[in-house]
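Hi there,

Here is the structure I promised to pass on to you. Please have a look at it, and then read on for what turned up.

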4 protein chains.
Amino acid sequence: MHLGLIGLGKMGGNMRERLRRRGVTVTGYDRDPDLSDVESVEALVAALPSPKVVWVMVPAGDATRATIDELGGLMSAGDVVVDGGNSRWTDDQAHAEALTEHGVGYVDCGVSGGVWGLDNGYALMCGGAADDIAKVQPAFDALRPEGDAGVGFVHAGPVGAGHFSKMVHNGIEYGVMQAYAEGYELLEKADMVENVTEVLNSWRTGTVVRSWLLDLLVQALQEDPGLAAIAGWADDSGEGRWTVEAAIDHAVPMPAIAAALFARFASREDDPPAMKAVAAMRNQFGGHAVRAGKPPTQPD
Amino acid sequence: MHLGLIGLGKMGGNMRERLRRRGVTVTGYDRDPDLSDVESVEALVAALPSPKVVWVMVPAGDATRATIDELGGLMSAGDVVVDGGNSRWTDDQAHAEALTEHGVGYVDCGVSGGVWGLDNGYALMCGGAADDIAKVQPAFDALRPEGDAGVGFVHAGPVGAGHFSKMVHNGIEYGVMQAYAEGYELLEKADMVENVTEVLNSWRTGTVVRSWLLDLLVQALQEDPGLAAIAGWADDSGEGRWTVEAAIDHAVPMPAIAAALFARFASREDDPPAMKAVAAMRNQFGGHAVRAGKPPTQPD
Amino acid sequence: MHLGLIGLGKMGGNMRERLRRRGVTVTGYDRDPDLSDVESVEALVAALPSPKVVWVMVPAGDATRATIDELGGLMSAGDVVVDGGNSRWTDDQAHAEALTEHGVGYVDCGVSGGVWGLDNGYALMCGGAADDIAKVQPAFDALRPEGDAGVGFVHAGPVGAGHFSKMVHNGIEYGVMQAYAEGYELLEKADMVENVTEVLNSWRTGTVVRSWLLDLLVQALQEDPGLAAIAGWADDSGEGRWTVEAAIDHAVPMPAIAAALFARFASREDDPPAMKAVAAMRNQFGGHAVRAGKPPTQPD
Amino acid sequence: MHLGLIGLGKMGGNMRERLRRRGVTVTGYDRDPDLSDVESVEALVAALPSPKVVWVMVPAGDATRATIDELGGLMSAGDVVVDGGNSRWTDDQAHAEALTEHGVGYVDCGVSGGVWGLDNGYALMCGGAADDIAKVQPAFDALRPEGDAGVGFVHAGPVGAGHFSKMVHNGIEYGVMQAYAEGYELLEKADMVENVTEVLNSWRTGTVVRSWLLDLLVQALQEDPGLAAIAGWADDSGEGRWTVEAAIDHAVPMPAIAAALFARFASREDDPPAMKAVAAMRNQFGGHAVRAGKPPTQPD
């Protein structure tokens, strides 16, 4: 197979490498000419045999939309565009419609695997028509982890189902990480166990909670005991928010995943207004002491 | 009525004042001789007519227990001790038993009202035998807010029921304050309304959320716009914890009150280990950036 | 003042009545001719003096949008439309723009007060230009509760700020109700207090948690002891969802209000898939017993 | 090694089998003579060489305490008792003290592995003195999974540290399961993916959320599509409650694990009083419809 790949950053660059290692010809384009195989998207499309398959791996939102619009003008009936970025699933229908008028198929593909995917393979969750997916299948097979059929790749449903599945995957990830994190903090604070890292490490086999995330947490603790080098500050990249919003849309109770999301928000607040309000009310009714507010010049 | 009152701090001192204003004779004892009417607990008991009623208003835990034990040795059959402090309801049975062997009755009384109680009256929730409560009733009537029977005072049930009711009251208080606080923070951050204090003030009549706690929040905001002088740091004094523990004992889902409790815990953490763990896992699987840990010399 | 009012259902009908009682001339229109004062929206607009003010009180969404569009075609520069319904604040900008092209002003107004508003007055939170609001002010003054300026009415900010404020008000309402509800359930289940209604009633004065919602809960319990006639099933009408979504948009931790929302969702689930999954996992790893699934024919 | 093992139920019976397979001589006692190797605890102790090691695997609470007390009277200085049951870590100190007066050592050991332990090995978390643990080590080595030292077994700290670690392990387990369960429910309800089981199955390799619990969930779904045979009803066995209580004791925010616990409580409520209260308040202020309460004769 000969695949076009747009976006050769940390993720796209590794994917190009894995595809090539496993026998897929890749023509890659990136705005950075040092990374790019061709000078333009137009040149990339021209280099591909028909039916042409172009995989888009650029930031979600405007960049993805602009790339898809540009591809619509360059590709032909029977070709396929894959959006492998972190697009919100609610964007997929519009992406598909923008291509449909050119007869071009659209597949949305959630990609999991992070920096480990190059060697271990990427888990792929795809949405779209079976015909379109069939045209991309050799690339999917090269990217996914080796092993049993049925794991590491799924055709989840129609357009949008891939990104929706990936979004839920990430939402679950928030909740699972928060559960380990809460347990870790309790072990640290309760002062009952002598070496928290050793306890967590012992859980890596034979227990109910063994998992890859636990492996990673232990690895981080072994590299940096007590995680002294890492602040208690956690960013979020959108998919946790979308998962909770989708839960709200469908009246699904989602307290644990929402708790994980809110814990990240709270970790980024230096002087939370809500807790100022709680302290103020306590002070008003009970004369309870408050801590002085931070002087406005304090940079933190 | 002539009441003995032990503990004349911020709360007990105001209660003595309100009792006297409303016609109850009070002999008060405090370890601080400047506050005390008598030199000792023994002198206090001796000063009272039979049946003697002594109200204990000292810190929960060891101090309350020691006072009750001392009173048991000084009082006689038919007398009554009231514990009006913030004892955990699970202590009340032991308090009652320590007095029963002397024939002394025991009433537990949760007291709400804070610094406003002197003028507005204290809401009282009592547990114990009807006979014992009857002996204290003139004091209850002097302390409680004026107005309809049935509000401001309740005989909630047997020994323990008073403190249990007060504990649940305080647990509810945590949840109600957290709800206002979350809404306040959203108003502050969303930048849709021009003057958050005015919006909250407008809610003080006619709305579904009008309440005394809202009145207090508005008052705090009027005194200190933006609550700039108050840090986003909230203490807790035990009753929220006990409420959640009681809920766990009875398999009662208590997500909102527990959320309020956890938000206070989180407000007091400078560098939460749980969020260090989340950041570490994100970094391990996705190469996501972390913030550098705080240098150990930083005092905050 | 002479106001046009569209929508004379439970809420709008009461508002017409209160406006008239307090000296505002009202011409009302409703699709139901038995309720309506005129035969059409066109007739309603024609009946008003300039500058004409029309208050729209119809269901949020399509009905409100259609009414606003119709009014845009009938009204003139300097006139004002008020949307007093439960529109999502994110719709207000579009409503305003649809009227701006006709020179017609737009005010969004969140209205609180429910069935009690007729006698007690409605709390009003408004967004829009000061000039437009001034034209409606006599109606606002008739609708709002009597009493101090500054309570019961607020000009919260630009277009959208009224509905945004009302949305946050309702989100807070979810959290406050959930806090009382959790405390109520604990009192019921712990079997410590003899009469839960009496305990709650006693809290209505002097306590920190006294509020109108508490008054209502006590009233409900007095009418129906144990709430035997009411199922443990709670609907939601959108504003709680929007509040949590707005919190997510602004990275505001909102655990208590979200817990209240999720508790309502859960109350409406008869056989929650999430808990089927938990039971299934427990069974797989530990052989823990599960309960048999409900036969599909069971109607409950 | 020759080990005494008291309690040969589902868990203890499998452990005896695994110990024997791997070369440990086991004398087992159970109240059920069909399972027991000896007629009494006394006979079991008599059968062991010194220093004697007896592993207790009976229900936590009174049964464990009674067994330990009996063993204290039968064993001698230098012997060791292991409590491998699900005791609360707060009981361990008392167990140790009851044996110390006889010179008998005490080791608490949390055991994970469930029905899979017989073949895969049991993960073991131990607390106690190093000398005592050394006497049991051959049994630990036979029970734990084969593989690297450092996984599957840990000497976590002093007496209590084993059960404390196991408790936190189980608390994490609650949170992790809840996260998968919430994601599963969203996938089921959103109707975006065609085959939820296939999506979950695809996640079993290459993804961030791969884990043994995910494997089990997929297995359950493959055996029973849609989990039709399992009710949405989840029990809890204590360790989740204790974990949240320990978090409260140490002021550790634990929102996700607490959410998991509360979701189980809610799953077992047929007509939750809290939601009756919410419905009642909504009805009072807004005239919102309620559902009729269940007739008291309904058995569900």
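A residue is called buried when its relative accessible area is under 20%. Please keep in mind that this is a predicted model.

Let me begin with the cysteines. In chain C, C:C109 has 0% relative accessibility, so this residue counts as buried. Its closest cysteine sulfur is the one in C:C126, at 3.4 Å. A disulfide needs the two sulfur atoms within 2.5 Å, and the pair C:C109 and C:C126 is therefore too far apart for a bond.

Chain D can be read from the other end of the pair. D:C126 is buried, because its relative accessibility is 0%. The closest cysteine sulfur to that of D:C126 belongs to D:C109, and the distance of 3.4 Å is again too far for a bond. Across all chains, the search of the whole structure found zero disulfides.

Now for chain A as a whole. This chain has 300 residues, and 63% of them count as buried. Its secondary structure consists of 12 helices and seven strands. Along the principal axes, the C-alpha atoms of chain A fill a box of roughly 75 × 45 × 40 Å.

How much of the contacts in chain A with a separation of 6 or more comes from residues 24 or more positions apart? The share is 64%.

Enjoy exploring it!

Best wishes

Note on methods: Residues are numbered from 1 along each chain as its sequence is written. Chains are lettered from A and ligands numbered from 1 in the order in which they are written. This is a predicted model: local features need pLDDT of at least 70, side-chain atom pairs count only at pLDDT 80 or more; totals for chains, interfaces and linings use all residues. Side-chain values use heavy atoms; hydrogens and water are left out. Buried means under 20% relative accessible area, exposed over 50%, partly exposed in between (1.4 Å probe, protein chains only). Helices (H or I, at least four residues) and strands (E, at least two) are DSSP runs, numbered from the N terminus. Contact means heavy atoms within 4.5 Å.
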